[in-house]
Amino acid sequence: MMRSYHFRAMNTGIEVVLGSERDEPELESRIKQGFARSEQRFSRFLVESELSWLNREAGKRCFISEAMFDVLSLSQHYMEVTEGAFNIFILRSLQLAGYDRSFEKLPQVAGAAGTAELEIHPVQHVRLQLDPVMKSVQIPADVAMDLGGIVKSWTAAQIASSLRKWWAMPQGLVNAGGDVAVWGGAAPDEPWRIGIAHPFGLLSEEEAVAELMTGAVATSSTLRRRWQGADGWRHHLIDPRTMRPSEASVVQCTVAGPNLLDCEVWAKVLCLRGLEEGAALLKRNAPDLEALLYTECGESYLIQACRPKLDLAWHGLKGVKTG
């Protein structure tokens, strides 16, 4: 028997599907509480959040929660493994670009947001000073952190792990705004089918489908969170080299692999670095992952794993080039 829950949290739609014969009356509220705790701790839009406090205390050494230490340690890891393409120190550039409030509150008229000159100081070499013994961190005084993307996938992965291990759910899906973790198959011998909408709405709403029993899929796009500033359209994917919205040719990327955080981070990196540079970076540093990319001129490409660790099948890839 499949049970499904749908609600909004962390400024996105959440879907949870579980296969179990047991009735767990507290389960839905526990799942919602998990997402709510993450939002209260990590949101840059809440002045009382731990993240907002850390940004105000930049330059000082601060004791932090176990959850914050975990997320910041992972962030440090991904900044290193992506060779600086992924970066959490882009908050001020996001704000200067106009993304200074939750997305649904952004004005959608030209000139209403992002009229300030964008920050131009690169941050790809900035690093956290983490102390694992004291559970403390110090960030440089001249930067501020945004953890929105990685925290969404971290929360979804944490909840999926809890449902699988502690609640003993044999089958499940957790989808946090396109960050999807699955396990156990949709049925004992039937994989989960994760639909991927074409970025330009061509052919059908779900042109491509990724099939897998257990693993993760994440999608990033420069076409979703967009708004108009005084100088035209802007989006939320900031290139750490320029501190401006990326101008790379990739407009949407879906990554599949064993680990949801890997998928989310690398989907973003491929949008930031573009087809050739991004594909080379992925193959060099994350050979277990596969990526489906769409470019601004309407072409699509499938980058297949050099060292596959996932029972994964793609369907509906009409006209897709492989590499």
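Start by selecting C271: at 0% relative accessibility this cysteine counts as buried (under 20% relative accessible area, with a 1.4 Å probe and protein chains only). The model is predicted, so local features need pLDDT of at least 70 and side-chain atom pairs count only at pLDDT 80 or more, while totals for chains, interfaces and linings use all residues. Residues are numbered from 1 along each chain as its sequence is written, and side-chain values use heavy atoms, with hydrogens and water left out.

The structure holds 0 disulfides (pairs of cysteine sulfur atoms within 2.5 Å). C253 is in none, its nearest cysteine sulfur being that of C271.

Now move to the second largest pocket, which holds about 450 Å³ of space. A pocket is an open set of points on a 1 Å grid over the protein atoms alone, where a 1.4 Å probe fits, with protein on both sides within 12 Å along at least five of seven lines; lining residues have an atom within 4 Å of a point. The volume is the space filled by probe spheres set on the points, which are joined across faces, edges and corners.

Select N175, G178, V180, G195 and R224, the closest to the centre among the 20 lining residues. Then colour the strands (DSSP runs of E, at least two residues, numbered from the N terminus). β2 (12-19), β6 (171-176), β8 (192-196) and β10 (215-221) each supply at least two lining residues, and β8 gives the most, with 4.

Notes. Buried < 20%, exposed > 50% of the residue type's maximum accessible area, 1.4 Å probe, protein only.
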